Amino acid sequence: MSDATLNSVTQDPGDFAVQIADQIKTFIVAVTEVSKVEEPEEAVPVLLLQISQLLLAGGRLGAYEDIVPEERYEPDLGAEPDADGLRERFAVLLEPIDVYSEVFDPYEPRKAPVPARISDDLADLVTDLRHGLAHYEENRVTEALWWWQFSYFSNWGSTASAALRALQSLIAHIRLNQPLQELDGLDTDSETADEELAEEAGRVMAEEIAGPLGLRPVQ
């Protein structure tokens with residue numbers, strides 16, 4: 001049955017919830033493990049795959065009927081774990097390729113690209129998804145689905161799409177023998193060290209990542 005008919009009375013919504021929750025749990029576990037590897041060439045292919053899989057869950061949530069929570073106010077979840085450690089590990093791991101350029105809203109005309117970081121994106125994704133997962137694990141299934149659907153539209157969907165586009169572009173540049181242009185100081189910070197890092201991103205990516213990934217080196 002297609003997702004377009006998931007609001008049919010013949011479809012058990014519990015099955016849909018279990019599938020979405022399983023995909024989200026898999027993503028959180030996988031990304032957490034990837035953050036512990038030592039080289040970016042070990043991380044990039046796995047991140048590309050995991051974010052692609054996560055966006056499949058997001059697409060299903062987006063195609064699903066509007067989910068309305070059972071309670072008017074969201075139950076208090078108490079203190080939630082932060083993702084600062086994850087963010088910091090990825091910032092170190094992906095240092096040569098962390099910064100990229102993104103258009104926030106493609107339907108707003110003449111909007112200039114803005115700098116973003118893959119490490120920030122991954123931490124934000126995990127934070128949003130964990131929030132819904134906390135409801136799910138407390139057996140508040142409708143609340144969890146509502147949160148995942150709402151935050152897919154308002155935050156994590158666009159965040160995941162942007163990160164996936166950056167990772168796909170990164171690998172495409174290498175496989176198509178198209179060196180990245182210098183980023184001309186593009187960064188999310190203003191410190192000189194970060195600006196120099198951003199300017200070197202294309203060169204370092206080609207030299208340090210293409211070989212270990214088994215891709216053709218840039219000529």
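Modeller: A nonpolar core here is a set of buried Ala, Val, Leu, Ile, Met, Phe, Trp, Tyr and Cys residues joined through side-chain atoms within 4.5 Å. Please bear in mind that this is a predicted model.

Colleague: Which residues touch the most other members of the largest nonpolar core?

Modeller: They are F27, L47, I51, F90 and W148, in a core of 49 residues. At least two residues of this core come from each of α1 (13-34), α2 (40-63), α3 (84-93), α4 (118-137) and α5 (141-175).

Colleague: And which helix gives the largest share of this core?

Modeller: That is α5, with 14 residues.

Colleague: Let us take F27. What is F27 in contact with, leaving aside neighbours within four places in sequence?

Modeller: F27 contacts Q50, I51 and L54, and also L125, V126 and L129. I51 is itself among the core residues that touch the most other members.

Colleague: Turning to the rings, how many aromatic pairs does the structure hold?

Modeller: There are seven aromatic pairs. One of them joins W147 and F150, with 6.0 Å centre to centre and 50° between the planes, a tilted arrangement. Both residues belong to helix α5, where they are three residues apart, about one turn of the helix.

Colleague: What about Y152 and W156?

Modeller: Y152 and W156 form an edge-to-face pair, 5.1 Å centre to centre with 65° between the planes. They are separated by about one helical turn, because they lie four residues apart in helix α5. Both Y152 and W156 are buried.

Colleague: Now the helix packing. How do the axes of α3 and α4 cross?

Modeller: The two axes come within 8 Å and cross at roughly 155°. Angles over 145 degrees count as roughly antiparallel, and α3 and α4 are therefore roughly antiparallel to each other. The crossing of α3 past α4 is right-handed.

Colleague: Which residues meet there?

Modeller: From α3, L86, R87, F90 and A91 meet S119, D120, L122, A123, D124 and V126 of α4. Two of these names have come up already: F90 is among the core residues that touch the most other members, and V126 is one of the contacts of F27.

Definitions and conventions:
Residues are numbered from 1 along each chain as its sequence is written. This is a predicted model: local features need pLDDT of at least 70, side-chain atom pairs count only at pLDDT 80 or more; totals for chains, interfaces and linings use all residues. Side-chain values use heavy atoms; hydrogens and water are left out. Buried means under 20% relative accessible area, exposed over 50%, partly exposed in between (1.4 Å probe, protein chains only). Contact means heavy atoms within 4.5 Å. Rings of Phe, Tyr and Trp (its six-membered ring) pair if their centres lie within 6.5 Å; planes under 30 degrees apart count as stacked, over 60 as edge-to-face and the rest as tilted. Axes are lines fitted to C-alpha atoms, for helices over the stretch in contact, and angles run from 0 to 180 degrees between N-to-C directions. Angles under 35 degrees count as roughly parallel, over 145 as roughly antiparallel, 65 to 115 as roughly perpendicular and the rest as oblique. A crossing is left-handed if the near helix is turned anticlockwise from the far one by less than a right angle, and right-handed if clockwise.
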